[in-house]
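Subject: Structure for your files

Hello,

Please find the structure below, followed by notes on what was found in it.

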Amino acid sequence: MTVGGGVFSIADPSERKFKKFSDRELIRKLLSYILKYRQNLLIVGVSLAFAAVVGVAGPYLVAIVALNDIFAGKFWGYTGVVGAIALYAVLYIVNYLTENKRTYHMQIMGQNVIQDIRRDAFVKLQELSPAYYSKHETGRIMSYITNDVDALADFVTFQLPLVLSGFVVIISIIPWMFYLSTSLTLASLVVVPPLVVLTLAFQGRIQTSYVETRKKIAIVTAKLAEGISGVRVTQSFVEEDRVNKDFDVVNTENLDANLRAVKLTSMFSAIVQLIEAGGIALVIWYGTTLVLSGRTNAGTVVAFLLYMTAFFSPIIQLTTFYNSYQSAVTGLDRVMQVLETPIEVPPPGDPKRLPESSEPPRIDFRHVTFGYEPSVVVIKDLSFTIHSQEVVAIVGPTGAGKSSIVNLLLRFYDPQRGQITMDGVDIRDLSFEEFRRKMSVVPQDPILFMGSIIDNIRYGRENIPNEVVFETARKLGLDDFVSRLSKGYDTIINESATNLSMGQKQLICFARAIVGDPRVLILDEATSGVDPVTEIQIQKALDIALKGRTAIIIAHRLSTIRLADRIIVLRDGRIFEEGSFSELMSIENGAFAKMYAMQFARAVT
Ligand SMILES: Nc1ncnc2c1ncn2[C@@H]1O[C@H](COP(=O)(O)OP(=O)(O)OP(=O)(O)O)[C@@H](O)[C@H]1O
Ligand SMILES: [Mg+2]
């Protein structure tokens, strides 16, 4: 984030001014979702066909049959008139009923399509590696899946059916109009070329303005998410005013973007109405001259005027439709950008298997070079081996690349050079299931899910019996604080676990890591957290937990470091020193020895 004019600007480098996919690609994609609901579509199609029949027959019955009969003075044709009007009424009643069905089935289809798109997006989000999330803000992604999909929903379930039926009517009316009178039809269609030119002229600008609105609402959502998650810090710094002002800025920008879009579309719609009025006037004038010269009758002209209304109402709707369409395609474009994001750590096409063994695996880093940005190297030509059942501690200053090693080992990222192997097999050749299931991680910042404490410990492994969970928790000393909670292990942890202390969260994460008896344990130790008494308890538990496992512990506490068979001192992504505790301590002026002295000095003062 950069500070600009007192406001945190949240420019996303991945944001673009225009859409990434063409309309054609987007519509094809949308169709692939819609076509899953063929049955509903069939019902909609039949109902639309009926609407077309009514659209053609209605004006014909009223104007040509009824009106012409009256003008022709055929009063004994009165039954004919009544009959025509009765038929007209029946047609419209049936049309009303089928229209109801049509709306209903369109809704079913639309809602399902939206649900499918949201589900696919969520599945994709679960698949994307942390690399994606470090480049995209959560709030923004949420906006894609909520606001943008909502825009799509409005289009698919509401606007599309409306305009679709309008256009079916138009398409069926035109040949019929030609049949009634070619010259009047041509007069009615005089307005079409200006309409086409107008649409083309406005299209680009309206589209750009809608891309802008989608972008702005995403920023508003991102700010909202940030505002909520950061509220404690904001309040403690009494920065509410500034945060509110920041929000005002993006909120107003969103308003402005929407107003700009509305201004353009209302201008468009006003011009369309003007053209319509002109068109109708033209038909009246031309129709009258035809009637006066006896070349046609009044009924036909009236029928034409009715047809023109049927003709124009979808075109007028077209402007709202156009808004909705633009919102929808730009929204879909964003969702598609998520759906089509290439997975940075692709699973292997033909996964290998690890050699059968109940032994904890051996892990090798071989000349691994890695940077989150390829130009900023974080891990430099790093090689080390962790033997089966060996406990290796990684220590080093903040930013040295310790957590990055864990990220690589879990294959959240792939190295730019070199390879990481488990029992000699490159982890890129293993299915995620195969190697991640062997490992358990206690991350540096504890992450808990909404749900009970027991479910959080057991996370996703339903087959672990309650007793095992309780036993693990007891060993780690969770019992103490859990028993003080009103519902014990069934206590629900709220969103972002604000009802627990940091140390308690860490303990739960620790329990989660070891309850499944993993072959490899990875511990990214947080510096703070638990009190000395609990710390001793964790040390004891760790001592037991590490037995018979391959382990990497990123250690900040000396008590943890002492548990290691070997210690790697990391600095700037390179191994600086390596050896057992006593070996490292015996290096004169060694980095580890100095660090130890400093911690020890701090502990006694
Ligand atoms: N997602 C990321 N995107 C870009 N750079 C990152 C990312 N995560 C970490 N870095 C950078 O990589 C370097 C190593 O970070 P890392 O998290 O591995 O440090 P660490 O040794 O675990 O530090 P600490 O002891 O503070 O946890 C740092 O310079 C950091 O700025
Ligand atoms: Mg770290």
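The largest share of the shell around ligand 1 comes from helix 11 (residues 402–409), which gives three residues. Helices here are DSSP runs of H or I with at least four residues, strands are runs of E with at least two, and both are numbered from the N terminus. This is a predicted model, in which local features need pLDDT of at least 70 and side-chain atom pairs count only at pLDDT 80 or more, while totals for chains, interfaces and linings use all residues. Residues are numbered from 1 along each chain as its sequence is written, and chains are lettered from A and ligands numbered from 1 in the order in which they are written.

The residues surrounding ligand 1 are S134, Y372, V378, T398, G399, A400, G401, K402, S403, S404 and Q444. A residue is taken as near a molecule if its C-beta atom, placed from the backbone, lies within 6 Å of it. By class, the shell has three nonpolar, seven polar and one charged residue. Ala, Val, Leu, Ile, Met, Phe, Trp, Tyr, Cys and Pro count as nonpolar, Asp, Glu, Lys and Arg as charged, and the others, Gly among them, as polar.

Helix 11 itself is mostly covered, with seven of its eight residues buried. Those are K402, S404, I405, V406, N407, L408 and L409. Buried means 20 or more other C-beta atoms within 10 Å of the residue's own, exposed means 12 or fewer, and partly exposed lies in between, with C-beta atoms placed from the backbone. After helix 11 comes R411, with a positive phi near 60°.

On the domains: the assignment, which is automatic or from a database, gives domain 1 (29–339), domain 2 (360–438 + 521–530 + 550–605) and domain 3 (447–517). The centres of domain 1 and domain 3, taken over C-alpha atoms, are 52 Å apart.

Next, a helix pair. The axes of helix 6 (residues 182–189) and helix 9 come within 8 Å and cross at roughly 160°. Axes are lines fitted to C-alpha atoms, for helices over the stretch in contact, and angles run from 0 to 180 degrees between N-to-C directions. Helix 6 and helix 9 are therefore roughly antiparallel, a term for angles over 145 degrees.

A281 lies in helix 9 (residues 240–292). A281 counts as exposed because it has 10 C-beta neighbours inside 10 Å. Its C-alpha atom is 9.8 Å from that of S188, 93 residues away along the chain.

Regards

Key. Angles under 35 degrees count as roughly parallel, over 145 as roughly antiparallel, 65 to 115 as roughly perpendicular and the rest as oblique.
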